[in-house]
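Dear colleague,

Please find the structure below, together with its sequence.

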Number of protein chains: 2
Amino acid sequence: MTQTTVAAYASPAPSAPLERTTIPRRALGEHDILIDIKFAGICHSDIHQVNADWGVGTYPMVPGHEIAGVVAEVGTGVTKYAVGDRVGVGCFVDSCRECDNCRAGQEQYCTSGMIGTYNSQGKDGRPTYGGYSTHIVVDENYALRIPEGLGLDVAAPLLCAGITTYSPLAHWQVGPGKKVAIVGLGGLGHMGVKIAHALGAEVTVLSQTLNKREDGLRLGADHYFATSDPATFEQLAGTFDLIVNTVSADLDLNAYLGLLRTDGTLVQVGAPEQPMPVSPFALIGQRKSLAGSMIGGIRETQEMLDFCAEHGIGADIEVIEATAINEAYARVLKSDVRYRFVIDVATI
Amino acid sequence: MTQTTVAAYASPAPSAPLERTTIPRRALGEHDILIDIKFAGICHSDIHQVNADWGVGTYPMVPGHEIAGVVAEVGTGVTKYAVGDRVGVGCFVDSCRECDNCRAGQEQYCTSGMIGTYNSQGKDGRPTYGGYSTHIVVDENYALRIPEGLGLDVAAPLLCAGITTYSPLAHWQVGPGKKVAIVGLGGLGHMGVKIAHALGAEVTVLSQTLNKREDGLRLGADHYFATSDPATFEQLAGTFDLIVNTVSADLDLNAYLGLLRTDGTLVQVGAPEQPMPVSPFALIGQRKSLAGSMIGGIRETQEMLDFCAEHGIGADIEVIEATAINEAYARVLKSDVRYRFVIDVATI
């Protein structure tokens, strides 16, 4: 296969609506696979990237890092995948492969910087384009196997929302006997609840209101509290071993730190744009930690997919046609989605 | 022994200079020991307490939670100590003894709140008075044994400065192959350097200037950098497994977080009065943590004292007469002490 041109949805300029266009995909290298994309999830961070909220963006920008599809072609040296295999691609498509973190299978923390699935620059010096597109070419070492039994549509969001919550839950050893709170019941939060529950923890949702309480309990939460009620912070003081904060809006973290027990950790997986004021006394008094966590490595992402398949966990999704992407973005900003939009790529 | 009156130095009102006075010490209970105090260290937090910087204070206030002395009398049920034993008292003199943390030997994190050695309320409902005093009565379970070979004068500061730095170094498993930075070379910092070095770590001091560089290297540091030089933050980016911040002034923590490697932790042991602005990106990008740690439990404090004796570690001290306490406070505020003032209690 030589370089090809494929259909995609792209934002032509910062904050501009996405529109149909075509983009190049590179010729298949020795270790590359060509994926016929079937579904692509819409992540809140896609909107941040399109709006260049986190720095300069490269346009046209084709978002999408929750990709599920089928292998359509393989390079001459590919050993891990065969045509017809069900595969996924997450937030990165390459890394230096040489630093301590890459060697340890933590490519997301590559000290040279991972190569993002989109809005990044590939090793060939050309921009990377994401999953809102009919096809993608990716090195076999940066693809994931989607186990049988997991629908490609509900699997797509696992590649970001799933691993973003699975990784801290696994790293901080959540399991039976542990009390975990998930802050925010959105795309990330609803996966956090499902996974923490499947890991055997006692799970509490901390949401602004009780509006989604029934959903939360159905997804696996044992308890559900409204953070708009000050009594919540009194009642739950000193309760949790781990709090995973999926909310990227500004919260009073000191109030949430008060909900941790001794040696507890509050992990940020959402990223507010502004610095967060943290009281030293909120940490020192009970040896608490405030930490951050970012997606997961390839090995851990595969582990997460296998875990989800074993426990019958997919995302709760609303499948949309490509023409509805901009409308979906508007609804994501209003938190009006339960719980992830997934683009049916056949409609691109 | 019935209740006695003993000599002490006390601050009669918030921010008032300390003056000689007398205070009551309780009658010896079944498990109490009476300690003939020989030396009491001056901790920066004594000044914060006298000034009521951290909340309401009880006056007259007798500071002092770095206490070393000799057992002068024992209660009828005492089994751990005998008259003549060399003992110490640290930052707390009691706790609930029933919560998970007390049972685990982490009395400093007692969920009912430990009973501070001074400016606290004892179980008898009366105020506690600290070590700037000729005698103290304390339950044998909240005293420490000072090993032979450690001078009581250089041992006194171990009861706060020593354990405050030892505990996070031990908890975050500092040892050979680990790179540790100590921020600030004051009373806490100089103990942190000695202990981290004795634990086998590669130790870097991060100090505002290079003024104390020779001292730092003598104390056991392998490297010494000035934080007033922006090049320090470039050169050391991504270096440390653990940073122990002993400075209670406001620092730009995000700059220091940048010095951590993946999975590294920045531990606050000093406590700035204002909330610290923390950028979420400084944590998320490499799964870093910002944590706090407060002194240590009785078991761990004994472990620290034994470790220090084994490695010949005491504090670097300047012994003063009691009449010089107020002058010493002024010098502490100017960081003009290498590295701990210790009151010769015979002069009270």
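Which residue of S16(B) does A:Ala291 stand opposite? The residue is B:Ser289. Please bear in mind throughout that this is a predicted model.

**Where the two chains meet**

The interface as a whole involves 37 residues of chain B in contact with 37 residues of chain A. The size of an interface is often given as the accessible area lost when the parts come together. Here chain B and chain A bury about 2900 Å² between them, and 60% of that area is on carbon and sulfur atoms.

Polar and charged groups also take part. Between chain B and chain A there are 15 residue pairs in polar contact, counting pairs with both residues at pLDDT 80 or more. Several elements of chain B each supply at least two residues of the side that touches chain A, among them helix H4 (161-171), strand S14 (260-268) and strand S16 (289-292). By class, that side of chain B has 18 nonpolar, 14 polar and five charged residues. Two salt bridges are found across the interface. In a salt bridge between B:Asp100 and A:Arg261, the N to O distance is 3.5 Å.

**Salt bridges within the chains**

Side chains of opposite charge can pair when their charged atoms come close. Over all chains, the structure holds 32 salt bridges.

- A:Asp85 and A:Arg145 form a salt bridge, with their closest N and O atoms 3.4 Å apart. A:Asp85 lies in the loop between strands S4 (67-74) and S5 (86-89) of chain A, and A:Arg145 in strand S9 (residues 144-145), so this pair ties together parts that are 60 residues apart in sequence. A:Asp85 counts as buried at 19% relative accessibility, while A:Arg145 is partly exposed at 34%.
- B:Asp94 and B:Arg97 meet in a salt bridge at 3.0 Å, N to O. B:Asp94 is buried, with 11% relative accessibility, and B:Arg97 is partly exposed, with 33%.
- A:Arg218 forms a salt bridge with A:Asp215, the closest N and O atoms being 3.5 Å apart. Both residues are in helix H6 (residues 213-219) of chain A, and because they are three residues apart, about one helical turn separates them. A:Arg218 is exposed, with a relative accessible area of 53%, whereas A:Asp215 is buried at 14%.

**Backbone features of chain B**

Most residues other than glycine have a negative phi, and most peptide bonds are trans.

The peptide bond from B:Tyr59 to B:Pro60 is cis, with omega near 0°. B:Pro60 is placed in the loop between helix H1 (44-50) and strand S4 (67-74). Another cis peptide bond joins B:Arg338 and B:Tyr339, with omega about -5°; B:Tyr339 is in the loop between helix H11 (325-333) and strand S18 (340-344).

A positive phi, near 65°, is found at B:Ser15, in the loop between strands S1 (4-10) and S2 (19-25). For B:Asn119, phi is also positive, near 55°. B:Asn119 is in the loop between strands S7 (115-116) and S8 (135-139), and this residue is buried, with a relative accessible area of 18%.

Yours sincerely

Key: Residues are numbered from 1 along each chain as its sequence is written. Chains are lettered from A and ligands numbered from 1 in the order in which they are written. This is a predicted model: local features need pLDDT of at least 70, side-chain atom pairs count only at pLDDT 80 or more; totals for chains, interfaces and linings use all residues. Side-chain values use heavy atoms; hydrogens and water are left out. Contact means heavy atoms within 4.5 Å. Buried area is the accessible area (1.4 Å probe) that two parts lose on being put together, summed over both. A salt bridge is a side-chain nitrogen of Lys or Arg within 4 Å of a carboxyl oxygen of Asp or Glu. A polar contact is a pair of N or O atoms within 3.5 Å; within protein, one must be able to donate a hydrogen and the other to accept it, and residues adjacent in sequence count only if both atoms are side-chain atoms. Helices (H or I, at least four residues) and strands (E, at least two) are DSSP runs, numbered from the N terminus. Ala, Val, Leu, Ile, Met, Phe, Trp, Tyr, Cys and Pro count as nonpolar, Asp, Glu, Lys and Arg as charged, and the others, Gly among them, as polar. Two strands pair if DSSP finds at least two bridges between them. Buried means under 20% relative accessible area, exposed over 50%, partly exposed in between (1.4 Å probe, protein chains only).
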